[in-house]
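Subject: Structure handover

Hello,

Here is the structure I promised to pass on. My notes follow below it.

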Amino acid sequence: MADISGDARLAAFAPVDSTARVDAVVRRLTDAITLGLLADGEQLPSEAGLAARLGVSTVTLREALMALRQQGMVETRRGRGGGSFVRVPPEAPEVAGRLRAFTVEELRDLGDHYAAIAGAAARLAAQRALPEDVVPLRRTLQEMADARDGAQLRRLHGRFHIEVAAVSQSARLTQEEIRLQADIGPLLWLAHLEEDGPSARHHAIAEAIHRGDDDHARSLAERHVLEAVEHLIELRLRQP
């Protein structure tokens, strides 16, 4: 199983929103599986335990697990050693084609929103991080440097930003980072396809958090997002 920081994993099991509970549980677990916060083959907590952690009834949880089984993202085994197990889906096909669904104005607005979230998370992380909190960031950077697979590198890229948000100690910011990574992470990755490891910006964000330089951490995180979105806009303008 991937060695992911505890705070980032805990966000996957935080109580869901009180509206549309089944859909909210499905979305939360789908995002966690897609982003690699839950590893392929990992056993989920018992139904009673998982329902309690998500703040829903066991009936709601069972409906959500049924939907996830139908999507091929969860496998349930009966008998001794049984339970519900994660199944990570293959990479979504033709990510570049999704870019056509966005106008330039929508991409720019999305970038403004994401930059605000990423910047706030990095600023708070720099203010609140203890030395041990930076360890998961550096570990993920090393895994990015060692990655030999584009899909693995993309997941690690998203995981790094989720872990930054987790270090901020803000559950809402962490959950919003997870949501954004699940929604547009594959699109943002189009701006990083030429990278074969962590960028200088990733290292700089981690170091700013380690030093407690909150203004610099915020600026770096915002710039990282906005530069990626600017590149996406360039790609979108080249499309017919």
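Two strands count as paired if DSSP finds at least two bridges between them. Helices (H or I, at least four residues) and strands (E, at least two) are DSSP runs, numbered from the N terminus. This is a predicted model: local features need pLDDT of at least 70, side-chain atom pairs count only at pLDDT 80 or more, and totals for chains, interfaces and linings use all residues. Residues are numbered from 1 along each chain as its sequence is written, and side-chain values use heavy atoms, without hydrogens or water.

First, the hairpin. Strand 1 (residues 74-77) pairs with strand 2 (residues 83-86), antiparallel, over four bridges. Thr76 has Ser84 of strand 2 as its bridge partner. Five residues sit between the strands, and Gly79 takes a positive phi near 80 degrees in this hairpin.

Next, helix 7. Its buried residues (under 20% relative accessible area, 1.4 Å probe, protein chains only) are Pro136, Leu137, Thr140, Leu141 and Met144. They fall within an arc of 140 degrees seen down the helix axis, so they line one face of helix 7. The arc is taken from the directions from the helix axis to the C-beta atoms. Helix 8 (150-167) and helix 10 (200-211) are among what covers them.

Phe160 is in contact (heavy atoms within 4.5 Å) with Leu137, Thr140, Leu141, Met144, His202, Ile205 and Ala206, leaving aside residues up to four places away in sequence.

Best wishes

Note on methods
Buried means under 20% relative accessible area, exposed over 50%, partly exposed in between (1.4 Å probe, protein chains only).
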